[in-house]
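Please look at the sequence and the structure before reading on.

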Amino acid sequence: MVSSRAVQEHLGIRNQRVLEAMRAVPRHWFVPQNMQREAYADRPLPIGYGQTISQPFIVATMTELLDPKPGEKILEIGTGSGYQAAILTKFTPDVYTIEIVEPLHRQVLPRLQKFGLGPQRVVQGDGYFGMEKAAPFDGIIVTAAADHIPPPLLAQLKPGGRMVIPIGPVHATQRLVVVTKDASGKTRSRSVHPVRFVPLTGGPRR
Ligand code: SAH
């Protein structure tokens, strides 16, 4: 498992609850057979279909920025391996996640069942449009890069809610952006950290 010290040293993550969550979720469950030896390295790993499981540092950073509280309803866009979603369940049971690649979605279902997330919560579809049936959300975490904030996601954020999303040119370095919506529905965003994510696909037809 990622030791708390390793996470702290690499990332400067001091949030105790994030460290505990990372200790509680075995990353090797989410890594393909042929990558097991690297499951606890602090780097992203391929999971097939051109996709990756994010680097633990980035998972920790995004979780800390999202700051999910017990009982809050959270939506993740880009289930991938399911690792980030499993980490989120250590903060609140009310987690939804959506993946666009059908075979990845199918693979992850039994895995996330172990973390209390059944097929109502682990959904296949285009997350650009969020998840209308479960909206609104206290927190939205997007684990693929977009060149703009998808308007449907903003609309599905509760007043007082937060969104963490990598924004910038796809296939290059993006910045992690934290969007907050205040009680009156006004949004503010701040850019916090350089990252590199696979592209968010889908969205409206151009
Ligand atoms: N959170 C994942 C890492 C995700 S990699 C983990 O913890 O392992 C990004 C994922 O986003 C990929 O699996 C990709 O297929 C998915 N994705 C890309 N565009 C999407 C979209 N529009 N809707 C849902 N998922 C999307």
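## Elements around the ligand

Four elements each supply at least two residues of the shell around the ligand: β2 (51–53), β3 (74–77), α4 (83–88) and β4 (95–99). Strand β2 gives the most, with 3 residues. The model shown here is predicted.

How many residues surround the ligand? There are 28, and the closest are S81, E99, D126, G127 and T201. Sorted by class, the shell holds 12 nonpolar, 13 polar and 3 charged residues.

## Contacts and cover

A nitrogen atom of the ligand is 2.8 Å from an N or O atom in the side chain of D126. D126 is also listed among the residues closest to the ligand. A polar side-chain atom of T143 lies 3.0 Å from a nitrogen atom of the ligand.

How much of the ligand's accessible area does the protein cover? On its own the ligand has 580 Å² of accessible area, and the protein covers 99% of it. The space that the ligand takes is the largest pocket.

## Aromatic pairs

A pair of aromatic rings is described by two values, the distance of the centres and the angle of the planes. In this model the count comes to 5 aromatic pairs. One of them is formed by F30 and Y83. Their ring centres are 5.6 Å apart and their planes make an angle of 65°. The pair counts as edge-to-face because that angle is over 60 degrees.

Where do the two residues of this pair lie? F30 is in the loop between α2 (16–24) and β1 (45–48), whereas Y83 is in helix α4. The two parts are 53 residues apart in sequence, so the pair ties together parts that are separated along the chain. Helix α4 is also one of the elements that supply residues to the shell around the ligand.

## Backbone details

Most residues other than glycine have a negative phi, and most peptide bonds are trans.

Y49 is found in the loop between β1 and β2. P136 is found in the loop between β5 (122–124) and β6 (137–142).

How values were computed:
Residues are numbered from 1 along each chain as its sequence is written. This is a predicted model: local features need pLDDT of at least 70, side-chain atom pairs count only at pLDDT 80 or more; totals for chains, interfaces and linings use all residues. Side-chain values use heavy atoms; hydrogens and water are left out. A residue is near a molecule or strand if one of its heavy atoms lies within 4 Å of it. A polar contact is a pair of N or O atoms within 3.5 Å; within protein, one must be able to donate a hydrogen and the other to accept it, and residues adjacent in sequence count only if both atoms are side-chain atoms. Accessible areas come from the Shrake-Rupley method with a 1.4 Å probe; for residues, only the protein chains shown count as cover. On a 1 Å grid over the protein atoms alone, a cavity is a set of points where a 1.4 Å probe fits but cannot get out, and a pocket is an open set with protein on both sides within 12 Å along at least five of seven lines; lining residues have an atom within 4 Å of a point. A molecule sits in a cavity or pocket if more than half of its atoms lie within 2 Å of its grid points. Ala, Val, Leu, Ile, Met, Phe, Trp, Tyr, Cys and Pro count as nonpolar, Asp, Glu, Lys and Arg as charged, and the others, Gly among them, as polar. Rings of Phe, Tyr and Trp (its six-membered ring) pair if their centres lie within 6.5 Å; planes under 30 degrees apart count as stacked, over 60 as edge-to-face and the rest as tilted.
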